[in-house]
Amino acid sequence: MENAVDMKKVASLCKRRGIIFQSSEIYGGVGSIWDYGPIGVELKNNVKAAWWRSYVYNRNDIEGLDASILMHPKTWEASGHVTSFADLLVDCKECKKRFREDQLKKKVCPECGGGLTQSRRFNLMFKTSIGSVEGESTDIYLRPETAQGIFVNFVNILNSSRKKLPFGIAQIGKSFRNEITAGNLTFRSREFEQMEIEYFVTPEEDKRWYDFWVKERLDWYINLGIRRENLRLREHEKDELAHYAKSCHDIEYNFPFGWSELEGIANRTDFDLRQHARISGTELVYFDDATNKNITPYVIEPSGGVDRATLAFLVDSYNEEKVKNEKRVVLKLHKELAPVKVAVFPLLKNRPEIVEMAKRVAKDLSGKYKVVYDDTASIGRLYRRQDEIGTLYCVTVDVQSLDDKKVTVRDRDTMAQDRISADLLKSEINKRLEE
Ligand code: ATP
């Protein structure tokens, strides 16, 4: 079934509420490059933190890494990106638009019906140069995936952490691809973030761990609130597999623009470690105590996009409801992901005692997560604003609060309101957030 959420409405909400903006908008923008606004950065950080917690903190067999974007150019020769990381592109002879050949249904221009040129290979890596003296610089690439930073550090991490197989290395960071097809907000960006684990195993155990990670990654999205029916697994056909992969499953999300890849889980075998060992001349092996032999581990790679996950969480949580004959737009984001946990309002902003108490309540709650104080509109509008960004609790200070020292707490999903003593508010909200 199609996802009924309207992408135009999600895009307009993103702009209106400070979630996602077009990069350099005042100059007309740059294609497929995006900025995250005050609410978007919270959401994206929460997605990354949830992933990091699930794997680096909750498991004892995974270590973290933050490798550089710029790497030795030989890295990309070894990985195969210099020769293979390319799209076949065709140009329309009439309107001059450019397309990816594999995305065309017919051999004519989808925009104007004109004839197309022969296809040409176009490498997706961005090139820049390193060196301070002009003319003496060397070409260097912006990484198109974070994975290679993990492979080249394999021995460093093995020696410093003393891990035994199976173990993993996790990394979140920016990647860059000079993508041709655009559209659908951040789904396909030229600058984006990946969250990747390279999980090293003995060659005999690859199937078992591959199956484990496919299920684990699917469950991760479901546990953070994505509806099961909007997710599916798709196994790659043999002729579709990347040059390094023995098998690959995509986790796809039912976006309003069609089922599309959120994440790939691949069995990369020992391809990368062997390639880097060969080209660098450094041994990249693991000493197996049981057999007294050096082995080159296989690697299972769950590789997800932070921006695509964030977009899927946004779309899946987008709800329009009718409340008292009025439309309510609400992002029903999982509590771990909600950008703002609590918003505090004074019911009457012309009563200094109420304003002062509300500001005190907001300050008291601050520190661990994003708390907002707002008095710039009527209470109804303030609620609507917060619903639209998925704020979990709205706290109101009213005239009665001055007497009984209690505040009204409204729950985003049920809209139920209860009165809680201002002194107990922080512990009560923290309890609800941790439940
Ligand atoms: P696609 O087929 O959509 O181009 P891919 O198969 O090339 O994606 P991978 O190389 O497997 O993607 O990258 C792993 C993950 O990184 C993807 O599942 C996706 O979530 C994310 N990703 C890749 N390219 C982009 C991009 N241009 N913009 C946003 N996220 C991306």
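**Close-up views of a predicted model**

Glu 320, at 35% relative accessibility, counts as partly exposed. The legends below describe close-up views of a predicted model.

**Salt bridge between Lys 9 and Glu 320.** Glu 320 pairs with Lys 9, and their closest N and O atoms are 3.0 Å apart. Lys 9 belongs to helix α1 (residues 7–16) and Glu 320 to strand β17 (residues 318–323), so this pair ties together parts that are 311 residues apart in sequence. Lys 9 has a relative accessible area of 34% and is therefore partly exposed. Glu 320 is also partly exposed, as its relative accessibility is 35%. The structure holds 49 salt bridges. Side chains of opposite charge can pair when their charged atoms come close.

**Salt bridge between Arg 328 and Asp 387.** The side chains of these two residues meet at an N to O distance of 2.9 Å. Arg 328 sits in strand β18 (residues 326–331) and Asp 387 in helix α11, and the pair links distant parts of the chain, 59 residues apart. Is Arg 328 buried or exposed? Arg 328 counts as buried because its relative accessibility is 5%, and buried means under 20%. Asp 387 is buried as well, with a relative accessibility of 2%.

**Helix α11 and the residue that follows.** Helix α11 covers residues 379–388. Which residues of the helix are buried? They are Leu 382, Tyr 383, Gln 386, Asp 387 and Glu 388. One of these, Asp 387, is the partner of Arg 328 in a salt bridge. Gly 390 follows α11 and has a positive phi, near 80 degrees.

**Salt bridge between Arg 419 and Asp 398.** The closest N and O atoms of this pair are 3.0 Å apart. Arg 419 is partly exposed, with 30% relative accessible area, whereas Asp 398 is buried at 15% relative accessibility.

**A network of salt bridges.** Five side chains are shown: Arg 232, Arg 234, Glu 240, Asp 250 and Glu 252. Salt bridges link these residues in a network.

A ligand nitrogen atom is 2.8 Å from an N or O atom in the side chain of Glu 179. A ligand oxygen atom is 3.1 Å from an N or O atom in the side chain of Arg 308. A polar backbone atom of Leu 262 is 2.8 Å from an oxygen atom of the ligand. How much of the ligand does the protein bury? Taken alone, the ligand exposes 590 Å², and the protein buries 83% of that.

**Gln 148 in helix α5.** Helix α5 spans residues 147–152 and holds Gln 148. The relative accessibility of Gln 148 is 0%, so this residue counts as buried. Leaving aside neighbours within four places in sequence, Gln 148 is in contact with Met 71, Thr 75, Trp 76, Ser 79, His 81, Arg 268, Asp 272 and His 276.

**Leu 88 in strand β4.** Strand β4 runs over residues 86–91 and includes Leu 88. Leu 88 has a relative accessible area of 37% and is therefore partly exposed. Not counting residues up to four places away in sequence, Leu 88 touches Phe 99, Arg 100, Glu 101, Ser 119, Arg 120 and Arg 121. The C-alpha atom of Leu 88 is separated by 32 Å from that of Asp 211, which is 123 residues apart from Leu 88 along the chain.

**A nonpolar patch on the surface.** The patch is formed by Leu 347, Leu 348 and Val 399, which together have about 210 Å² of accessible area. Leu 348 lies in the loop that joins β19 (342–346) and α10 (352–365). With a relative accessible area of 33%, Leu 348 is partly exposed.

Technical notes:
Residues are numbered from 1 along each chain as its sequence is written. This is a predicted model: local features need pLDDT of at least 70, side-chain atom pairs count only at pLDDT 80 or more; totals for chains, interfaces and linings use all residues. Side-chain values use heavy atoms; hydrogens and water are left out. Buried means under 20% relative accessible area, exposed over 50%, partly exposed in between (1.4 Å probe, protein chains only). Helices (H or I, at least four residues) and strands (E, at least two) are DSSP runs, numbered from the N terminus. Patches are made of residues with over 30% relative accessible area and no salt bridge: like charges are joined within 9 Å, nonpolar side chains (Val, Leu, Ile, Met, Phe, Trp, Tyr) within 5 Å. Accessible areas come from the Shrake-Rupley method with a 1.4 Å probe; for residues, only the protein chains shown count as cover. A salt bridge is a side-chain nitrogen of Lys or Arg within 4 Å of a carboxyl oxygen of Asp or Glu. Contact means heavy atoms within 4.5 Å. A polar contact is a pair of N or O atoms within 3.5 Å; within protein, one must be able to donate a hydrogen and the other to accept it, and residues adjacent in sequence count only if both atoms are side-chain atoms.
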